[in-house]
Amino acid sequence: MNVTPMVTSDPRDRGGKAQPLLRVKGLRKHFVIKRDLLGRPLSRVHAVDGIDFEVRKGETLGIVGESGCGKSTTARLLMHLLQPDGGEVIFDGDPVGTRGGLSLREMRRQMQMVFQNSYASLNPRMTIEESIAFGPQVHGVGRRESRQRARRLLDQVGLLPERFAQRYPHELSGGQRQRVNIARALALEPRLLILDEAVSALDKSVEAQVLNLLGDLKQEYGLTYLFISHDLNVVRYISDRVMVMYLGKVAEVGDSEALYRAPAHPYTRALMSAMPSLEPGRRTQTAPLAGDPPNPIDLPPGCRFCPRCPLAVDLCRASEPELAALPGGGHLSACHRAGEVQAEVSNPQPSVEESVR
Amino acid sequence: MKSDVMTRTAVQAPMAAPAELLVEIRDLHVHFGTPRRQVQAVNGVDLTLARGEVLTILGESGSGKSVTLRSLMRLLPERKTRLTGSVRVDGQDVLAMSRRELSRFRGRTAAMIFQEPMLAFDPVFSVGDQIAETVCRHEGVSRREGLARALELFDRVRIPSAKRRLANYPHELSGGMSQRAMIALALSCRPKLLLADEPTTALDATVQIQILLLLRELQRELGMSVIFVTHDMGVANEISDRIAVMYAGRLVETGAVDTVIAQPRHPYTLGLMHSRASGELRGQRLSAIPGAPPDMSAPPPGCAFAPRCPHADATCTQALPGMSELGSGHRAACWRLGETAS
């Protein structure tokens, strides 16, 4: 084992703090939607089209993007709920699912997921306690110990075990069910939790409670989060770093504050100015983009965003930009004109104006 | 549009000319009954809307916001619903209408758009045909004229290559496009009142803002009144003149949108504002509202928010607070308003 002075107290930590917990290289998934008579693919959805990123130990990486950008497919590929067409997933130095690497079973022990639909992700015929204890039992923890663990976790997510352990999913509210799903995900004591729109279906007053819970659990268990959401405010609140996806590719990654303050991709900038204004007396005057996000079937040559991009030039239509680091490091953008985008933002855009009322 | 504010305050005053009001809801109660359970979805809502005004009803799931909206068109299942109180739209008593009057009223005086546009259209007819049919039925014009109107409406809601799009079936339209088509359908008979039930909630952020801007523009051009239902404070700020916050089947706070957002006074509205996640609060705990909304088959006595309220005392759990006037049309229903002034 690679013992460095930075080794944390977690005995499962192998590479030390500097080694990313998760490293993804060239991850790709295409869904074939039409075949010819001989079964050869005619058209495909480029759901995830070769993405690279890493999740550092102990951080929260937020993933944002609109429907069809591949954020949920990415989550499912990481959990091997879908089989990737290509690419590599390395968990704390070990490649996942290859010979000599981490087995899927072992990977799922270290990586768990919470889904948006809290009801569909629980077995309606199992009590809450049984649902939470199920995972540990499958992984060889004794029946009684699993149940004890389930009760302890219920208590920790704010549901009194005496009141809730024997209930069925339909007897709980949406917020309570999502707490159960979080408890279940933690039952195997994972190191990485993937939260796929986990708070999006909750009412605002309940959403804040669950966000607080996620913060507490992260501290308590030293967790790392991959937080997927379409809500930019929530992502900004919870994430240390943010990754923006567009049509199956990474458009931009960077430290949360840096990225929100000076986005370096025109798409990120558009997403941000599309957020409804919350300042009294100020309303958005123009929509940053026209039309819907295109579907990832027939992709334009060159940059995928260029048909909707206000800054597109000939270069953008001819060649696809690589995800490249901006000066200063840590902030990456896949845009030929990243520097100009950033410069333009620092002189604020008049997208929100004083409305005449 | 400064004068708009003036009409708004005038509406609140008792001597307001009744002709100025398009919608007048008085003491509306909506109860749903099943043999086993009665759900008290709306419990005494008073609400008025001036002509040309845009009102947002803001609330969480189960607050009764959609039920209130649907009562305005009597879209609730007749046999299971008990509606009491009075609902008047454009001088007509909606609750007393016969079926015939109701079908004249729907579409013509009031029209509704929904969260799920795919469900508003019949999947086996083209969208153009469906709009044309609506126009023909309500106005007795020919099919050709109906189609001409459909084309005009598609242009108006900014559907690109409108003529070609009229021949599309609902499934051929993208999310934002089908929402535009549904707006066109709703506007086909020039309603005086547009009811919008979370029409942008299912849309992507960049599409949502387009639809909000479109609705704002259409409202201004056509001078319609709009009641918009949402759970999103930002959407309310973008679209409305006035906000009505609902909790557990009752209005808890109403007022001009700027006032309610800048100086909310009801503890529930305050709680909603303070529990919002944002970049500035990173690393800090959110001040979440504890607990969950009450079960509407057995709502608590007194103020329904009291069990979750940081200001609640004995009075709150016993007696129901009435609406108190806080100045220029801003009103809130709370016993402890003295403590919530900033």
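Residues are numbered from 1 along each chain as its sequence is written, while chains are lettered from A and ligands numbered from 1 in the order in which they are written. Since the model is predicted, local features need pLDDT of at least 70 and side-chain atom pairs count only at pLDDT 80 or more, whereas totals for chains, interfaces and linings use all residues.

**Chain A: domains**

Begin by selecting residues 22–245 of chain A, which form domain 1, and then colour 265–287 + 295–354, which form domain 2; these bounds come from an automatic or database domain assignment. The C-alpha centres of domain 1 of chain A and domain 2 of chain A are 29 Å apart. Their contact involves 7 residues from domain 1 of chain A and 10 residues from domain 2 of chain A, two residues being in contact if their C-beta atoms, placed from the backbone, lie within 7 Å. On the side of domain 1 of chain A that touches domain 2 of chain A, the largest share, 4 residues, is supplied by strand β2 (residues 41–55) of chain A. Helices (H or I, at least four residues) and strands (E, at least two) are DSSP runs, numbered from the N terminus. That side of domain 1 of chain A has 4 nonpolar, 3 polar and no charged residues, where Ala, Val, Leu, Ile, Met, Phe, Trp, Tyr, Cys and Pro count as nonpolar, Asp, Glu, Lys and Arg as charged, and the others, Gly among them, as polar.

Next, display residues 22–272 of chain A, the range that the UniProt annotation "domain: ABC transporter" covers in an unreviewed entry; UniProt positions are given in the numbering used here, feature names are shortened, and annotations may be inferred rather than shown by experiment. Over residues 22–272 of chain A the chain is 38% helix and 27% strand, with the end C-alpha atoms 28 Å apart.

**Chain A: the four-stranded sheet**

Now select the open sheet of 4 strands in chain A, whose order is β2-β1-β4-β5 and whose pairing is antiparallel; two strands pair if DSSP finds at least two bridges between them. At its edges stand β2 and β5 (94–95) of chain A, each with a single partner strand, so one side of each has no neighbour in the sheet. Strand β4 (residues 86–91) of chain A pairs with β5(A) in the antiparallel sense over 2 bridges, and A:I90 stands opposite A:P95 in β5(A).

**Between the chains**

Show both chains and select their contact, in which 39 residues of chain B meet 37 residues of chain A. On the side of chain B that touches chain A, the elements giving two or more residues are α8 (175–187), α9 (205–222), α10 (233–239), α11 (257–262) and α12 (267–274) of chain B, and the largest share, 6 residues, comes from α9(B). The residues of this side of chain B divide into 17 nonpolar, 13 polar and 9 charged.

**Chain B: domains and sheet**

In chain B, colour domain 1 (1–109 + 193–266), domain 2 (117–190) and domain 3 (267–276 + 287–340) separately. The C-alpha centres of domain 1 of chain B and domain 3 of chain B lie 21 Å apart, and 27 residues of domain 1 of chain B are in contact with 23 residues of domain 3 of chain B. The largest share of the side of domain 1 of chain B that touches domain 3 of chain B, 7 residues, comes from β10(B).

Then select the open sheet of 8 strands in chain B, with the order β6-β7-β8-β3-β9-β10-β12-β11 and mixed pairing. Its edge strands are β6 (110–113) and β11 (323–325) of chain B, each of which pairs on one side only. Within the sheet, strand β3 (residues 54–58) of chain B and strand β9 (residues 242–247) of chain B pair in the parallel sense over 4 bridges, and B:V245 in β9(B) is the bridge partner of B:L58.

**Last stop: B:P170**

Finish in the loop between α7 (162–165) and α8 of chain B, where B:P170 lies. B:P170 is buried, with 21 other C-beta atoms within 10 Å; a residue is buried if 20 or more other C-beta atoms lie within 10 Å of its own, exposed if 12 or fewer, and partly exposed in between, with C-beta atoms placed from the backbone. Leaving aside neighbours within four places in sequence, B:P170 is in contact with B:M118, B:F121, B:P123, B:V127 and B:S178.
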